[in-house]
Every structure is written in C-alpha cells, then in structure tokens.
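Subject: Handover of a structure

Dear colleague,

Please find the structure below, together with its sequence. A short account of what was found follows it.

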Amino acid sequence: MNSSSSVQLPSAPPDLPADLIPRHIALVMDGNGRWARERGLPRTEGHKRGEAVLMDAVDGCLEAGVNTLSAYAFSTENWRRSPEEVRFIMGFSRRVLHDHRDELDAKGVRIRWIGRRPRLWRVVIRELEKAEAQTVNNTRMTLNMCINYGGRAEIADAMKLVAEKVQSGEISPSDITEKNISSFLYDPEMPDVDLFLRPSGEKRTSNFLLWQSAYAEYVFQDVLFPDFTKNHIWAAINEYAHRDRRFGGVK
C-alpha cells in the first residue's frame, strides 16, 4: 500500500503500454462531508459536487484506456448516517443516473449496478435498471455503480447461494473452489481489481470489493473527493505502472 501525500499531477493521460494500464480501477469516493464542513456548508453540498467529479473520473479512465471503473457510491454501512443525508444520497443517486445516462451511453460506457436490492429505494432501482438496459451493448468501458454495496455482504450472500446449491445436491462441498465462489458474486464477470484508489487521505478499504481486490495495488491520495480530478487518476496509474506485481510468486 502507498500514500501519495504530494501527488505530482500529470496534465495528460499516461503514455504507457497497454499491459501497464490497470484493467480495473476501484474508486472510493470519500471526503465529501469533510470538504463541506471545512467550508461551513451542509454535508449534502459535498455530495452535490461529487457528481461532476465522478463524470470527470469516467472521462479520465476513458482517455487512459481503463476497461472498468467501480465507484463506491453508497455502502451497506452508510444506512447508519442521518435520515436526512441518506434521503439526499438516494435522491441524488437517482438524479445522477437519470441525468447522465444518455451522456455515458454516447461515450460507449456500459453501466452496471453492484449491490443489494433490499432497502434500496425503488426509484433508484428503476433508474439503475434503465441505465443497465440502455447501455448493455456498450463495450468501450464498464462503470460499476456500487450502491447499497458491502464486500462482506457480497461474500455472505455468495455463501448463502453456495449453501443452497450444496443442500439441493447440485454441487458437493468438494466442488467448491475460488473460481466457482466467484461465480456466485454479484457480478461474476467482474475482473479482479488492479488499482484500488482512495482519495481523502484515509488509508483503509472500507469493506469495498474485498474478494476482487486480493492482489490489487493500493494508492491513497491526500485530496478530498470534491477536489479530485482525472489528473489524480492519471497520477495513480503512473504509480501503478511502476509497481512490481508478483501475485505471490518470485520474479
């Protein structure tokens, strides 16, 4: 893991061989509340600013040649926040999907929803399903909107499905492998995370894509998400490209 306290921001996408570009970036969108508090604003103002920041991050990934971006928008633990903030984030998530669906579709971005259905507002589910249906054939990049998502919850839900298969006799315990456990996750087609990126200065995973990030490279940047730009994405990719990834082996 690494922390970038004084990030040297590039002004253009990384000029790197394709095999040094992370295929999948996991992005923790953190620091909205602190950004607002530092300016004497309601926490919701930080979330509002995050809309344009996320779209800029998508553009940065497209320009760099990243195949998949997973954005941590709302966790299963975020329900503990005040009812007012939860209500705002739910409405905000719906508006973001509604307002940017056509734009992302035109750019060739496929939108996927990753998360639990229970408790999530029906209007948000409808917008997620509309976005998925409209962009299903796009292949330039996949944007995973992780809403009502938790890494432990995903693994627990997968284990329930595995247990049901064992109980019904469809599989035996000896058949259970890492590969077929992956097939029971929310999106079995999701590639493993290559670059796990967290702005805000915090240095933790916050229960995000735990299974998929087993061999991810971690970059932490000291910038609150409302001030985050695609240039920070490019800086993280440059840092990633200089990591020595051995996946448990020896070179």
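A strand is a DSSP run of E of at least two residues, and strands are numbered from the N terminus. Please bear in mind that this is a predicted model.

Two asparagines deserve a look. Asn207 lies in the loop between strand 6 (195-199) and strand 7 (217-221). Although it is not a glycine, Asn207 has a positive phi of about 65°. Its relative accessibility is 13%, and the cut-off for buried is under 20%, so Asn207 counts as buried.

Asn148, by contrast in location, is part of strand 5 (residues 141-149). It is not a glycine either, yet its phi is positive, at about 55°. With 3% relative accessibility, Asn148 also counts as buried.

The largest pocket has a volume of about 640 Å³. It is lined by 30 residues, and those closest to its centre are Met29, Tyr72, Ala73, Asn78 and Arg81. Two or more lining residues come from each of helix 1 (32-38), helix 2 (43-64), strand 3 (68-75), helix 3 (83-106) and strand 5. By class, this lining has 13 nonpolar, nine polar and eight charged residues.

The second largest pocket holds about 310 Å³ of space. Among its 17 lining residues, Glu178, Ser182, Asp192, Trp211 and Ala214 lie nearest the centre. This lining divides into nine nonpolar, two polar and six charged residues.

Yours sincerely

Technical notes. Residues are numbered from 1 along each chain as its sequence is written. This is a predicted model: local features need pLDDT of at least 70, side-chain atom pairs count only at pLDDT 80 or more; totals for chains, interfaces and linings use all residues. Side-chain values use heavy atoms; hydrogens and water are left out. Helices (H or I, at least four residues) and strands (E, at least two) are DSSP runs, numbered from the N terminus. Buried means under 20% relative accessible area, exposed over 50%, partly exposed in between (1.4 Å probe, protein chains only). On a 1 Å grid over the protein atoms alone, a cavity is a set of points where a 1.4 Å probe fits but cannot get out, and a pocket is an open set with protein on both sides within 12 Å along at least five of seven lines; lining residues have an atom within 4 Å of a point. Grid points are joined across faces, edges and corners, and a volume is the space filled by probe spheres set on the points. Ala, Val, Leu, Ile, Met, Phe, Trp, Tyr, Cys and Pro count as nonpolar, Asp, Glu, Lys and Arg as charged, and the others, Gly among them, as polar.
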